[in-house]
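Here is a short report on one structure. Look at the sequence and the model, then read on.

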Amino acid sequence: MRDPRVEKLAHSIVTYSCSIQPGERVVIESHGDHQDAFVKALIREIYAAGASPFLWMYKMDIRREILMQANADQLKIAAESDALLMSRMDVYIRVRGEENTSELGDVPSERMADFTRIYSKTVNANKPGKWCVMHYPTDGMAQAEGMSMEALETRFFEVCAMDYSKMKKAFVPLKELMERTDRVHIIGKGTDLTFSIKGIGATPCAGENNIPDGEIFTAPVKDSVNGVITYNTTAFYEGTVFDNIRFRFEQGKIVEAAASDTVRLNAILDRDEGSRYIGEFAIGVNPYVTSPMKDSMFNEKMAGSIHFTPGNSIASADNGNRSSIHWDIVYAQTPEYGGGEIWFDDVLIRKDGRFVLPELLGLNPEHLV
């Protein structure tokens, strides 16, 4: 029997998130196998929209086996092949449902760097303008969160199937404010950070490109970041877990970096020149994400949070930084995580995770549920 929640979410992604039109070509990139029922629902919805589905299927343990001994020529050929298909697509949908999100954790860092630089960068450069990515619940995710699978699925569909159209309207005054702001000041426990966002622009995200969603992002002027940020949520990158990440900046560059695995952290930041600069500053508002999970796709949307992202900037809010990495690391400012403040041009806009300006009150959780 088909799960109506699965069918509803697939319909929403095809009709709202990606607005798929007759005659379009859509590639689904599926990782793992827990989400097979959802992928099938997507395929049915794509056909119903008059479009043509294509499919990539990967299993992360198989990919690990390849990457353990992969060479640059091998990765280049794979990248050229997959980039060709990607370049022929009108829409890209990625569904990740790996049981073990740390499967790549023991791949040598230099090989992961090659994979990111050669394969991911080449394929992503050909990604179509319409896209949506998401993480699907698995038994492994439920176990990591200390939840039953039923409870995780209930939370997942609650978060992912919210009314994003209401959020989209509520973002309008914040987008306008960010686009006329110069100086930003972030204050909190272990954090005192200043930078400029003048002239960069701001992009609200309300269910179009990420599921779950709920953030608005810009980027700092590349050399304007100064001060310290101490992230207070667990971060994940290429299968490695990082806690207590702390960055100190001078003129935009991360000049000191420490964490629970400082050596691996600095190896990531040393991959290229842009890895030590910030490519994104975003504010999270999803009212159903109230505490961190072991999944950055959820954490970066957490109400009362920001993420401050080392690496490549995003085209719609481009500060010119180029890197093979883009790592969304979350800093929560709700009272449970020590509180904090966001100031725009010496005006307080959010305190302890809640917006305080009258025109922004619609982004507080009680107005979005």
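## Helix α10 and its cover

In helix α10 (residues 262-269), the buried residues are Arg264, Leu265, Asn266, Ile268 and Leu269. Buried means under 20% relative accessible area, exposed means over 50%, and partly exposed lies in between (1.4 Å probe, protein chains only). Helices (H or I, at least four residues) and strands (E, at least two) are DSSP runs, numbered from the N terminus.

What covers these buried residues? The cover includes β11 (235-237), β12 (240-242), β13 (246-250), β14 (253-258) and β16. Contact here means heavy atoms within 4.5 Å.

## About the model

This is a predicted model, where local features need pLDDT of at least 70 and side-chain atom pairs count only at pLDDT 80 or more, while totals for chains, interfaces and linings use all residues. Residues are numbered from 1 along each chain as its sequence is written, and side-chain values use heavy atoms, with hydrogens and water left out.

## The antiparallel sheet

Strands of a sheet pair through backbone hydrogen bonds, either parallel or antiparallel. Two strands pair if DSSP finds at least two bridges between them. Axes are lines fitted to C-alpha atoms, for helices over the stretch in contact, and angles run from 0 to 180 degrees between N-to-C directions.

Now follow the strands across. Strand β9 (residues 215-218) pairs with β15 in the antiparallel sense over 4 bridges. Ile216 has Ile283 in β15 as its bridge partner. Next, 6 bridges join β15 to β16, and these two run antiparallel. Here Ile283 has Ile306 in β16 as its bridge partner. Then 3 bridges join β16 (residues 305-310) to β17, again antiparallel. His307 stands opposite Val330 in β17. Is strand β15 enclosed or open? In β15 (residues 278-284), 7 of the 7 residues are buried, so the strand is largely enclosed by the rest of the structure.

## The parallel sheet

Another open sheet of 5 strands has the order β2-β1-β3-β4-β8, with parallel pairing. Its edge strands, β2 (52-58) and β8 (210-211), each pair on one side only. Strand β1 (residues 25-32) runs parallel to β2, and 7 bridges join them. Val27 has Phe54 in β2 as its bridge partner.

Helix α2 packs on this sheet. The helix touches β1, β2, β3 (91-97) and β4 (130-135), and its direction makes about 175° with that of β1.

## Two packed helices

Two packed helices are described by the angle between their axes and the distance between the axes. Helix α1 (residues 4-17) packs against helix α2 (residues 36-48) at an angle of about 50°, and the axes are 9 Å apart. That makes α1 oblique to α2. Angles under 35 degrees count as roughly parallel, over 145 as roughly antiparallel, 65 to 115 as roughly perpendicular and the rest as oblique. The crossing of α1 past α2 is right-handed. A crossing is left-handed if the near helix is turned anticlockwise from the far one by less than a right angle, and right-handed if clockwise.

Which residues make the contact? From α1 come Val6, Glu7, Leu9, Ala10, His11, Ile13 and Val14. From α2 come Ala37, Phe38, Ala41, Leu42, Arg44, Glu45 and Ile46. The residues of this contact divide into 10 nonpolar, 1 polar and 3 charged. Ala, Val, Leu, Ile, Met, Phe, Trp, Tyr, Cys and Pro count as nonpolar, Asp, Glu, Lys and Arg as charged, and the others, Gly among them, as polar.

## A buried threonine

Thr116 lies in helix α5 (residues 109-124). Thr116 is buried, with a relative accessible area of 8%. Leaving out residues up to four places away in sequence, Thr116 touches Lys121, Glu238, Arg271 and Ser324.

Most residues other than glycine have a negative phi, and most peptide bonds are trans. Ile211 and Pro212 are joined by a cis peptide bond, with omega about 0°. Pro212 sits in the loop between β8 and β9.

Asp345 is not a glycine, yet has a positive phi of about 45°. Asp345 lies in the loop between β18 (340-344) and β19 (347-351). With a relative accessible area of 27%, Asp345 is partly exposed. Asp352 also has a positive phi, near 50°.
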